[in-house]
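Subject: Structure for you to look at

Hello,

Here is the structure I said I would pass on. My notes on its sheets and helices follow below it.

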Amino acid sequence: MYNDILYYNKPAKQYMEALPLGNGSLGAMCYSSVGTDVISLNHDTLWTGHPRTIKKEGAYEAYLKAQKLAVAGRYATAQKEIEGKFLTCWSQAYMPFGDLKIHFGSDNFNDYERTLDLSEAVLTNAYKSDGVNFKKTAFVSHPDDVMVYRIESENGNAFSFKAELSCPLKNEAYTSKGYLVVDGECPGDADTQHSSYPCHSLIYSDKDEERGVLFRGALKIDTDGEIIEDISTLKVENATYATIYFTIKTSFNGFDKYPVTEGEEYKNICIETLDKAYAVGFEVLRERHVKDYKSYYDRVAFSLDTNDGELIPTDERIKAFQKNKNDDDLYVLLFNFGRYLLISSSRVGTQATNLQGIWSNSIKPSWNCNYTTNINTQMNYWPVLPCNMPELMAPLTELIKTLSVTGEETAKNFYNANGFVVHHNSDIWGFSYPVQGRACWGYWQGGSGWLCRSLFEIYEYTLNREFLESTALPIMKKAAEFYLDVLTEDENGNLIICPATSPENNFKMGFGSSATSKSTAMMNSIVLDLFIGCKKSCEILSVKDDFYAKICDSIEKIKPLCIGKNGELLEWNEQLPEKEVHHRHVSHLYALHPANLITYEKDRELFEACKKTLEIRGDDGTGWSLAWKINFWARLRDGNHALKLIDMLLTLVDSKREMLRGGGVYPNLLDAHPPFQIDGNFGALSGICEMLLQSDGENIYLLPALPDKWKNGSVRGLAAKGNVTVDIEWKDGKVTNYNLHNEDSVSPVNVIVNRI
């Protein structure tokens, strides 16, 4: 079964044909070329910008005015007020380090193959060039924080190469004492005030308090050949093997520290890290790396009983799948690749994964490659807990902690409210303001509430009471305090967020359109879900204070979801004509997923309304949109429809083409929004988990959305809420055996084999 191998018979020519390696902070995209090999490099703390406070005179007054206009039904005028007087600027942007280029000379090759082994996170590349057999091995170690790249020739044949580092940011490259070094600086701003698009240009400053993150990237080579230092390159001559050790360190010292005047020491640490790796050597580094990686990867195993096929290149495999759909192991490969990407891009002590995880080669990346909190950042972490890797939630938790601090000032200055709020975009500096542009994305206060769902889910899965008491509830409470302050009553006495938007959608309004309504299903659902989580948390911790009383009272008053004339769930405050019926966002189904407010057992009418909504919306969508719909249909317990969307996601997108309608995957199996966004990979992984196992803390549903095509199979190690690990085997679509593992002996849960 070829369900944990990406395999190709030619080098990568484009970025989206290269293969990703990473240890959570250090990222590498490997082309495995012959004449000149290229490895594009990243570090998770290379961002433009520095700590800053953004003021918007008259923002609170504009908010109050827009609220009155929305209550009166004057939606277009309310939106004009918001867009003109409330929105601010763009967030900062994620930057690439640049490329490691290794010049071998000859482009001739045959018998070529490159393989990424997902079970060990090791890339190998073998080929023959001018009659000599070569083998390359590469990995990025988390324990030793280095990228390791080794090339060997067969039968003592000598080879030579030249290594250089190129960086698109302000930098100085040089050699010294056997090291190749790049010392550089990120821009102090990504032209965030520009009105047309994020990251319009890069701005450097001479003022220390306005300068960006400083960094050093360096490499050192172990070889039996001769090393010759040039001005900015290292040459290796007459070698039979060479191992390159590379790492990056930066001055980033936290969201609230100026990277130049208050930054971390990074230059000496960079060299020390290389020296330690060099002293340990290739074999030990590889052993440590594989052991560390497998401690996560081996927790879960998914298999569909299929006949072994011939090993063919992964891009050709995806093409063939589009025609016949008979490669069930490709589903398992997509599942395993998602887990591989999680382990490679999010670790304890690293930054949270951004729109591209940690892999980006552009100094003007789409949407600044930032944290987009109206779904994308959250989607990146949906599969972490079901895949039994709760430790990997730590970077997201730290981001939420940061935003709970920076979002206080935003809540006070823009809404005159307590607590904290997060809008549509964020960055490494904890940006929480309403971004500029249009209200359909800029004016949306749901990021803080939605992010807090992840905190409560950490408790639900792990039952870590200390985490709930010291981390989750205090932050959830702060988020809830903001919503308590801004909730207002409608004409029926219901509590609503007003005005509200539904990301990033619009409805028809006269001869134009509007995104601003009196209320929206999504915002009301986010608030309700947060309040219920706060209520449960207080009860678990035996906290019955004034806050608890307010929450309990408000839960009963929040405006209920409504069903429209066509049986669909209403997205807006009232029935309004859609501007784009098949819009990529399906935000009004938040109560179905990721929340668990609408279920088959709780409310059959709303459950059916969700199904009708998806039918009207249609199946087409960008990569992450398809992924969200997989999760929706799994929650609706329609495995065949969920599988249809996975099949659509497994559509090959040309690696040279960008910004198209409709999602898919690139030749390297990374999600095509397009362009590349990693959330589609993580959303698809989450969807497959939902198809195999669902839980609510009281009930565990085995195979709730198993498609007919997945007739026989097994899954081991998936996690369920209640600190339970589950193994399932099935044959002819029926569960034949299952086991629950719970070492802590918590209260029992009901096991239900439930397929509607």
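Strand β17 is joined to strand β28, residues 713-720, by four bridges, and the two run antiparallel. Within this pair, leucine 304 sits opposite glycine 713 of β28. Please keep in mind that this is a predicted model.

The pair belongs to an open sheet of four strands, ordered β17-β28-β29-β30 and paired antiparallel. The edges are taken by β17 (301-304) and β30 (734-741); each has a single partner strand, so one side of each has no neighbour in the sheet. From one strand to the next, the twist averages 20°.

Helix α17, residues 679-692, lies across β17, β28 and β29 (724-731). Its direction is at about 100° to β28.

**Helix α4 against helix α6**

The crossing is right-handed.

Which residues make the contact? From α4 they are Tyr293, Tyr296 and Tyr297, and from α6 they are Asn336, Arg339, Tyr340 and Ile343. Sorted by class, the contact has five nonpolar residues, one polar and one charged. Tyr is counted as nonpolar in this sorting.

**A seven-stranded sheet**

There is also an open sheet of seven strands. Its order is β2-β3-β4-β5-β10-β15-β14, and its pairing is antiparallel. Which strands stand at the edges? They are β2 (19-22) and β14 (226-229), each with a single partner strand, so one side of each is left without a neighbour in the sheet. The twist here averages 20° from one strand to the next.

Leucine 19 stands opposite cysteine 30 in β3.

Regards

Technical notes: Residues numbered from 1 in each chain as written. Predicted model: local features only at pLDDT ≥ 70, side-chain atom pairs only at ≥ 80, totals over all residues. Heavy atoms only, no water. Pairing = 2+ DSSP bridges. Axes fitted to C-alpha atoms, helices over the stretch in contact; angles between N-to-C directions. Contact = heavy atoms within 4.5 Å. Left-handed = near helix turned anticlockwise from the far one by under 90°.
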